[in-house]
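Welcome, and please open the model in your viewer. We will walk through it one selection at a time.

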Amino acid sequence: MSDQTFSAAARIPGIRDMLTRLIALPSISSATPAWDHSNEPVVRQLAEWLEPMGFVTEIMPVPGMPGKFNLIATLGSGSGGLVLSGHTDTVPYDDKRWKSDPFTLTERDDRWYGLGTCDMKGFFPLVIEAARAIVGQNLKQPLIILATADEESSMNGARALAEAGRPKARYAVIGEPTGLKPVRMHKGIMMERLIFEGQSGHSSDPSLGNNALEGMHEAMGELLALRKGWQTQYHNANFKVQVPTLNLGCIHGGDNPNRICARCELHFDLRPLPGMKMNELRQMILDRIQPLATTRGLKLSFEPLFDGVPPFETAADADLVSVCERLTGHSAEAVAFATEAPWLQALGLETLVMGPGSIDQAHQPDEFLALSQLNPAVKILQGLIRHYCLE
């Protein structure tokens, strides 16, 4: 690498200045159009910092999602290598509950406050700082910095990468806030919609209609019976809640006490453990509910509210798990929240989740990243880069 490149890399802003800039660029992703932003300014800013360091950058539009982009930045070449991955978007916010401007990095109480400080824009400056130390060195395997779109709403950024078969490497660490403890497994998330349509009529004569709400009452019993069966069959002691969960979240049906309910809609949430397949779970639900609807003469609609996130697990004896346990001094854990890990794993990458900050601060007013996490994070990331790209 040339002296000119080394000099240019030295002029890249420091961690605080980089995070200040990233926090100032709104990149909210939301299913509500009024909240949704493009993440392009964030992606282009990252590319602007990485290119002088010698990274080859590729900004990839997410198909079917205008204004949404993924960034693949690659330093070095080879068939293996390490991916350090983060998402560029944040959740919406309630400014009335914030003590400071969500888009202004604010320091108080040995913390940096701002929307996305821990979830998870704060990861990128730490990765860039860690990578700065290897500028000018000959890498045996590539270092890839990956920045994705819309993790908080649809996971479509990671999904698009998996469909494109990119990036190609051997190992991946996703910097979600885990308190710098390695995470090798998490549950999946499924959110489903069940609708029964019957026939309205005067409540004084049940024969005049077909009550969708009564059908849904029976269907909920079937769902709870399935839950009981799954919780008997599946168990994982690594999780705080050691069984799969199914929550009946909300129900809407009918319009008046004296009218037979013609339509009833139920939304429910299912959190499968590693080893449970989402398509099989949906089929099991349909196999229980369809006969009920047929017997009652109700029209049935059953569909996901979103595509869902599969459960994720990397083996306890995987090389990446061992290396991260050694670098952090912590045993790998399981968490309840979902990440983009299943899609990186689908690319054939040995994958682990580990980053600075606490998930307790994510999606909260006055989100913050503790300053005490910064230096340890850079040190751990440098250890990973040395192990997988230099040694």
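A residue is called buried when its relative accessible area is under 20%, exposed when it is over 50%, and partly exposed in between (1.4 Å probe, protein chains only). This is a predicted model, in which local features need pLDDT of at least 70 and side-chain atom pairs count only at pLDDT 80 or more, while totals for chains, interfaces and linings use all residues. Residues are numbered from 1 along each chain as its sequence is written, and side-chain values use heavy atoms, with hydrogens and water left out.

**Stop 1: a helix pair.** Select E40 and R44, which form a salt bridge whose closest N and O atoms are 2.7 Å apart. (A salt bridge here is a side-chain nitrogen of Lys or Arg within 4 Å of a carboxyl oxygen of Asp or Glu.) Both belong to helix α3 (residues 40–50), and being 4 residues apart there, they are separated by about one helical turn. Helices (H or I, at least four residues) and strands (E, at least two) are DSSP runs, numbered from the N terminus. E40 is partly exposed at 25% relative accessible area, and R44 is partly exposed too, at 42%.

**Stop 2: a link between helices.** Now pick E222 and R288, another salt bridge, with the closest N and O atoms 2.9 Å apart. E222 sits in helix α6 (residues 212–233) and R288 in helix α7 (residues 278–296), so the pair ties together parts that are 66 residues apart in sequence.

**Stop 3: strand β7.** Select residues 171–174. Y171 and V173 point one way from this strand, A172 and I174 point the other way, and all are buried. Which strands does β7 pair with? Strand β3 (residues 82–87) runs parallel to β7 over 4 bridges, and 4 bridges also join β7 to the parallel strand β15 (residues 350–353). Two strands pair if DSSP finds at least two bridges between them. Look for S85 opposite I174, and for E350 in β15 as the bridge partner of Y171.

**Stop 4: an open sheet.** Next comes an open sheet of 4 strands in the order β10-β11-β9-β12, with antiparallel pairing. β10 (245–253) and β12 (299–304) are at the edges, each with a single partner strand, so one side of each has no neighbour in the sheet. Zoom in on β9 (residues 190–197), which is joined to β12 by 6 bridges, and find E192 opposite P304.

**Last stop: a network.** Finish with R193, R263, E265 and E303, which are linked in a network of salt bridges. The structure holds 18 salt bridges.
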